[in-house]
Amino acid sequence: MPAADLASSPFLLAARGEPVPHTPVWFMRQAGRSLPEYRKLREGVAMLDSCMQPDLITEITLQPVRRYDVDAAIFFSDIVLPLKAVGVDLDIKPGVGPVVAQPVRTLADVAAIPDLTPEHVPYITEAVRTLVGELGSTPLIGFAGAPFTVASYLVEGGPSKEHALTKAMMYGAPDVWAALMAKIAGISAAYLRVQVEAGASAVQLFDSWAGAMAPQDYVAHVMPWSSQVLAAAGELGVPRIHFGVGTGELLDLMGQAGADVVGVDWRVPLADGIRRVGGRPVQGNLDPSLVFAPTEVMLARAAEVLDAGRAAPGHIFNLGHGVMPSTDPDQLARLTDFVHEQSRR
Ligand code: CP3
């Protein structure tokens with residue numbers, strides 16, 4: 001496949017704010033639990049084990065591209081995989097999420113976490129290379145967790161709604177916090193570099209839980225480290241998407257952190273999101289629950305998102321957060337077709 005076809009794919013055009021033949025669409029968490037063919041492949045294989053096997057990574061990443069004909073593939077992995085790869089004792093428990101055996105509390109705990117090198121993740125390099133060959137003109141999105149969201153798992157020891165221990169460290173032990181954020185920023189930047197050097201066409205930095213922060217704390221304790229990762233990714237020459245949930249009050253800051261594209265969740269009307277991110281392309285933002293509505297209701301709301309998206313220099317259609325496990329894949333197929341047809345008019 002000529003490189004020019006990839007460079008002029010609707011996804012990469014939109015990410016650069018250039019004119020598109022149709023609005024590109026992909027779905028966060030498209031590779032995973034809602035697909036029967038995924039569940040079949042994963043039978044008897046632990047989540048993190050599947051993230052270390054190039055043949056499984058490749059097949060799971062390709063499944064939604066085949067099924068939906070989406071405009072981009074997202075690499076099948078997890079935001080905690082790089083920590084596992086450097087030796088942090090953690091697991092992903094089904095229905096729970098990432099669980100860390102010995103939560104990080106002290107400077108010594110931080111210092112004990114090794115930096116990531118490509119030698120830690122040979123299976124990532126191998127899987128990306130294979131995928132890029134298979135995907136041809138369809139871009140592969142690499143990703144990493146942003147320092148705050150990854151730190152929350154490390155400090156809390158597992159998923160958290162309030163992030164109380166994480167914030168306690170941020171406010172009460174700023175030296176430990178800064179060391180931890182610097183450590184994760186380095187690991188995330190190195191993980192993105194591995195994926196892009198192996199052929200990924202774009203990267204997404206997932207700061208899923210950043211919406212827990214007040215803007216002043218985001219600026220003081222979170223944004224500098226996300227900026228560091230985004231700046232490092234910028235040197236790789238690929239578009240950078242910056243995403244979080246519940247980030248209505250942070251969208252301007254997330255734009256300023258150095259992203260090319262800002263993800264908007266469904267709580268913010270897309271027109272407002274576009275104004276807040278300051279002239280950048282946007283990604284989003286259909287409520288992921290709308291797949292459970294009657295098809296015509298879902299599509300009517302998708303049409304509104306597409307209309308609003310025309311005000312941005314570039315619009316990548318997505319859900320406002322990940323695909324939920326009980327989503328009917330046929331609804332996502334209809335949604336993908338609708339976005340393509342409607343935006344060609
Ligand atoms: O399709 C894709 O988007 C690619 C794969 C992907 C996974 N995790 C696979 C996964 C991506 C991009 C992620 C990122 C991720 N992981 C984020 C950021 C994105 C977001 O949704 O906000 C976060 C916060 C995590 C941490 C994590 N991993 C959680 C909260 C969970 C859910 C736990 C559960 O089962 O409800 C996971 C597990 C996980 N990551 C699964 C998959 C397919 C489910 C595990 C399984 O199938 O057994």
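Helix 11 gives the most to the lining of the largest cavity, with three residues. Helices here are DSSP runs of H or I with at least four residues, strands are DSSP runs of E with at least two, and both are numbered from the N terminus. The model is a predicted one, in which local features need pLDDT of at least 70 and side-chain atom pairs count only at pLDDT 80 or more, while totals for chains, interfaces and linings use all residues. Residues are numbered from 1 along each chain as its sequence is written, and side-chain values use heavy atoms, with hydrogens and water left out.

On a 1 Å grid over the protein atoms alone, a cavity is a set of points where a 1.4 Å probe fits but cannot get out, and its lining residues have an atom within 4 Å of a point. Grid points are joined across faces, edges and corners, and a volume is the space filled by probe spheres set on the points. Searching the whole structure turns up two cavities of 30 Å³ or more. The largest cavity has a volume of about 40 Å³, and its lining consists of Ile79, Pro82, Leu83, Gly145, Val150, Ile184, Ile187 and Ser188. Both helix 6 (81-86) and helix 11 (174-197) supply at least two residues of this lining. Six of the lining residues are nonpolar, two are polar and none is charged. In this scheme Ala, Val, Leu, Ile, Met, Phe, Trp, Tyr, Cys and Pro count as nonpolar, Asp, Glu, Lys and Arg as charged, and the others, Gly among them, as polar. The second largest cavity holds about 30 Å³ of space. Its lining includes Leu6, Val132, Thr138 and Ser201, and divides into five nonpolar, four polar and no charged residues.

Next comes the nonpolar core, defined as a set of buried Ala, Val, Leu, Ile, Met, Phe, Trp, Tyr and Cys residues joined through side-chain atoms within 4.5 Å. Buried means under 20% relative accessible area, exposed over 50%, and partly exposed in between (1.4 Å probe, protein chains only). The largest such core has 127 residues, of which Leu154 and Leu335 touch the most other members. Helix 11 provides the largest share of this core, twelve residues. Leaving aside residues up to four places away in sequence, Leu154 touches Leu83, Val88, Val100, Pro103, Val104, Ile113, Leu180 and Ile184, where contact means heavy atoms within 4.5 Å.

Seven strands form an open sheet in the order 1-4-5-6-7-8-9, with parallel pairing; two strands pair if DSSP finds at least two bridges between them. Strand 1 and strand 9 (315-319) are the edge strands, each pairing on one side only. Strand 5 (residues 202-206) and strand 6 (residues 240-243) pair in the parallel sense over four bridges, and Phe206 stands opposite Phe243 in strand 6.

A few individual residues complete the tour. Ser226 lies in helix 12 (residues 215-234) and counts as buried because its relative accessibility is 0%. The peptide bond from Gly284 to Asn285 is cis, with omega near -10 degrees, and Asn285 belongs to strand 8 (residues 282-286). Asp69, in the loop between helix 5 (54-68) and strand 1 (73-74), has a positive phi near 60 degrees although it is not a glycine. At 53% relative accessibility, Asp69 counts as exposed.

Notes: 1 Å grid on protein atoms, 1.4 Å probe; cavity = no way out; pocket = protein on both sides within 12 Å on 5 of 7 lines; lining within 4 Å.
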